[in-house]
Structures are given as C-alpha cells and as structure tokens.
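Thank you all for making the time this morning. I would like to walk you slowly through one structure, so please have a look at it before I go on.

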Amino acid sequence: MNDDWQDRNDQPKTRADYRREQEQAEKDFQERDRKRVQVEKEYARKHGQPKGNEPTDEPPIDQRVNSADVKQKRLGHRLNWAIFWLSAMIIIVYLILFLFH
C-alpha cells in the first residue's frame with residue numbers, strides 16, 4: 001500500500017530524524033527572528049523615533065504574558081470554585097436526606 005505523502009523509495013522517518021528536523025527548524029526560526037529584531041533596531045536608530053515613541057526593551061516572546069494563559073488561569077480558578085460549591089451542595093443534600101429520613 002502506497003501512502004500519498006511518501007514515495008516508494010523514501011524510508012519512513014524515525015522519531016530521531018523528525019526531532020532533529022524540528023529542532024533545526026526552531027533554530028532557523030530563532031536566527032531569523034534575531035536578525036529581524038536587529039534590523040528593526042537599526043532602522044529605528046537610523047530613522048529616529050518621534051517623541052514619546054521610544055522603543056522599549058520588551059521581554060522575549062517566550063517571557064511575555066499571553067492573554068490565553070491569563071484566560072486559562074482565570075477559567076481554572078472559576079472551575080475550582082464551581083467544584084467546591086457543587087461538592088458542598090451534594091454534602092448538604094446528603095445531610096438533609098440522612099437527618100430527615
């Protein structure tokens with residue numbers, strides 16, 4: 001059986017090969033991103049920035065607070081409280097059923 005994504009002569013990739021390709025792609029991306037930031041800083045220095053818009057040293061992308069992370073933490077907090085209140089209500093119902101039986 002021939003898969004569409006693989007030629008007959010190609011050997012299937014091993015996990016190590018796939019992992020190496022992914023690591024290389026990540027390194028390439030980081031290098032391109034570093035060069036892009038460097039070029040942007042040079043451009044900003046050459047052309048100047050209007051008053052009030054000085055470039056700030058922003059933390060790297062992986063250190064910035066992501067709005068999805070904030071939403072996930074808030075949702076987790078709400079779910080914890082919902083579990084607490086549901087457990088409390090179940091205990092109250094069992095006590096009422098046990099005491100007034």
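This is a predicted model: local features need pLDDT of at least 70, side-chain atom pairs count only at pLDDT 80 or more; totals for chains, interfaces and linings use all residues.

Let me begin with a definition: helices (H or I, at least four residues) and strands (E, at least two) are taken as DSSP runs and numbered from the N terminus. Counted in that way, the protein has two helices and zero strands. Residues are numbered from 1 along each chain as its sequence is written, and side-chain values use heavy atoms, with hydrogens and water left out.

The protein exposes about 10,600 Å², of which carbon and sulfur atoms supply 57%. When I call a residue buried I mean under 20% relative accessible area, exposed means over 50%, and partly exposed lies in between (1.4 Å probe, protein chains only).

Next, the charged side chains. A salt bridge here is a side-chain nitrogen of Lys or Arg within 4 Å of a carboxyl oxygen of Asp or Glu, and the structure holds five salt bridges. One of them joins the side chains of Glu21 and Lys13, at 2.9 Å from N to O; Glu21 is partly exposed, because its relative accessibility is 40%, whereas Lys13, at 55%, counts as exposed.

Another salt bridge brings together the side chains of Arg34 and Glu31, with 2.5 Å from N to O. Both residues lie in helix H1, which covers residues 15-47, and they are three residues apart, about one turn of the helix. Arg34 has a relative accessibility of 45% and so counts as partly exposed, and Glu31, at 33%, is likewise partly exposed.

Arg36 and Asp33 also meet in a salt bridge through their side chains, at 2.6 Å from N to O. Because Arg36 and Asp33 are three residues apart in helix H1, about one helical turn separates them. Arg36 counts as partly exposed at 38% relative accessibility, while Asp33 is buried, with a relative accessible area of 18%. Salt bridges that share partners join Asp33, Arg36 and Glu40 into one network.

What, then, of the aromatic rings? Rings of Phe, Tyr and Trp (its six-membered ring) pair if their centres lie within 6.5 Å, and planes under 30 degrees apart count as stacked, over 60 as edge-to-face and the rest as tilted. The structure holds two aromatic pairs. In one of them, Trp81 and Phe84 are edge-to-face, at 5.6 Å centre to centre and with 90° between the planes. Trp81 and Phe84 are three residues apart in helix H2 (residues 67-99), so about one helical turn separates them. Trp81 is partly exposed, with a relative accessible area of 43%, and Phe84 is partly exposed too, at 44%. The rings of Phe84 and Trp85 have centres 5.0 Å apart and planes at 70°, and therefore this pair is edge-to-face. Trp81, Phe84 and Trp85 form one aromatic cluster, and with that I will stop.

Technical notes. Accessible areas come from the Shrake-Rupley method with a 1.4 Å probe; for residues, only the protein chains shown count as cover.
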